[in-house]
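I opened the model to look up its pockets and its ligand. My entries follow.

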Amino acid sequence: MISVQNLRKTYRRHANVVEVLKGIDLVIESGEFLAVVGASGSGKSTLMHVMGTLDQPDSGMVMLGPRRIDNLGRSEQNRLRNGTFGFIFQFYHLLPELTTLQNVMMPALVGAGVFNWMGRKREAVRNATEMLERVGLGHRLHHKPRELSGGEMQRTAIARALVAKPKILFADEPTGNLDTDSGKDIVELLKSVNRDQGVTILMVTHNLELVRQTDRVVRMTSGRLGELPVERAVLAEC
Ligand code: ADP
Ligand code: MG
C-alpha cells in the first residue's frame with residue numbers, strides 16, 4: 001500500500017547537522033496496523049511526516065502503491081492529504097472555538113469551498129454525527145474541546161481524520177498525552193477502525209505496552225529501522 005526506499009533526511013541548522021533518516025526501507029501492506037517505536041529524537045515523526053508528504057526527503061522515494069508521491073506537485077499532495085491520508089497528533093489540534101461536531105465537519109467545509117457549502121452542509125452534519133457516534137461521542141456533539149477529557153478530544157480528532165474516509169491513517173503518539181486507560185481505549189478504537197473499515201494504520205508510540213493491538217512493530221534507532229517481534233516488544237515492557 002505504502003512503502004519507502006532508501007529514505008534519507010538531514011536537518012542542518014547553522015553548524016548543527018542532524019542526520020535523522022539514514023536510509024530507511026519499509027513496506028506497509030494494505031490493511032496492516034503497524035507500530036513504530038523508538039526513543040524520543042530517533043526520527044519517528046520525521047519518517048511519518050515524509051511518508052505523509054508533510055515533509056520532503058533529501059533522497060529516496062515514497063511510493064503509494066505503484067505511484068511515487070514524494071515528488072508530486074503541491075496540489076496533488078494536498079489532494080492526497082485531504083483524501084487518501086488521515087492524520088492524528090499527540091495534542092489533538094482541534095479548533096478551540098468550534099464544537100466537536102463543527103470540528104469534525106471542518107474537512108468537508110474546506111473541501112467544498114464557501115459557495116458549495118450550503119448544498120453540502122446537511123450531508124456533512126449527518127456524516128460528522130455518524131462518525132462521532134462511531135467513536136463513542138454521540139452525546140458530546142455540541143461540547144467545545146475545553147469541556148472534553150483528553151481521551152474525548154482524541155476521539156474527536158480521530159472522527160475528524162476518518163470523516164474523509166482515508167485509506168491510510170498516520171497517528172503520531174496519539175496516546176502521548178493521555179493516562180494509561182484512555183491510551184488503551186484509543187488504541188482499541190484504532191484497532192477496530194483497522195479491522196472493521198480496513199484502514200491501514202501507522203502508529204508512532206514510545207509506549208511498548210500499546211503495541212499489543214498491532215500486527216507488526218518496527219523500531220527506530222538513531223535513524224535506522226529494525227523489525228521487533230510484537231511478543232518481544234510486549235515482554236520488554238514487563
Ligand atoms: P521522534 O519523533 O522520534 O522524537 P523526530 O523525528 O521528531 O524524532 O526528530 C528527530 C531529530 O531531528 C531530533 O534530533 C530533532 O531535534 C531533529 N529535528 C526534527 N525536526 C527538525 C527541524 N525541523 N529542524 C531541525 N532539526 C529537527
Ligand atoms: Mg515525534
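**Pockets and ligand**

The model is predicted, so I kept its limits in mind: local features need pLDDT of at least 70, side-chain atom pairs count only at pLDDT 80 or more, and totals for chains, interfaces and linings use all residues. Residues are numbered from 1 along each chain as its sequence is written, chains are lettered from A and ligands numbered from 1 in the order in which they are written, and side-chain values use heavy atoms, with hydrogens and water left out.

Terms noted. A pocket is an open set of points on a 1 Å grid over the protein atoms alone, where a 1.4 Å probe fits, with protein on both sides within 12 Å along at least five of seven lines; lining residues have an atom within 4 Å of a point. Helices (H or I, at least four residues) and strands (E, at least two) are DSSP runs, numbered from the N terminus.

**Second largest pocket**

I read off about 160 Å³ for the second largest pocket, a volume being the space filled by probe spheres set on the points. Of its 13 lining residues, Gly41, Ser42, Gly43, Lys44 and Ser45 are the closest to the centre. H1 gives the most to this lining, three residues. By class I found four nonpolar, six polar and three charged residues. Here Ala, Val, Leu, Ile, Met, Phe, Trp, Tyr, Cys and Pro count as nonpolar, Asp, Glu, Lys and Arg as charged, and the others, Gly among them, as polar.

**Ligand 1**

A backbone N or O atom of glycine 43 lies 3.0 Å from a ligand 1 oxygen. For lysine 44, a polar side-chain atom is 2.9 Å from an oxygen atom of ligand 1. For threonine 46, the distance from a polar side-chain atom to a ligand oxygen is 2.5 Å. Alone, ligand 1 exposes 560 Å², and the protein buries 64% of that (Shrake-Rupley method, 1.4 Å probe).

**Largest pocket**

I moved on to the largest pocket, volume about 750 Å³. Its 28 lining residues include Arg81, Asn82, Pro107, Arg160 and Ala164, the closest to its centre. H3 supplies the largest share of the lining, 14 residues. The classes are 18 nonpolar, six polar and four charged.

Notes: A polar contact is a pair of N or O atoms within 3.5 Å; within protein, one must be able to donate a hydrogen and the other to accept it, and residues adjacent in sequence count only if both atoms are side-chain atoms.
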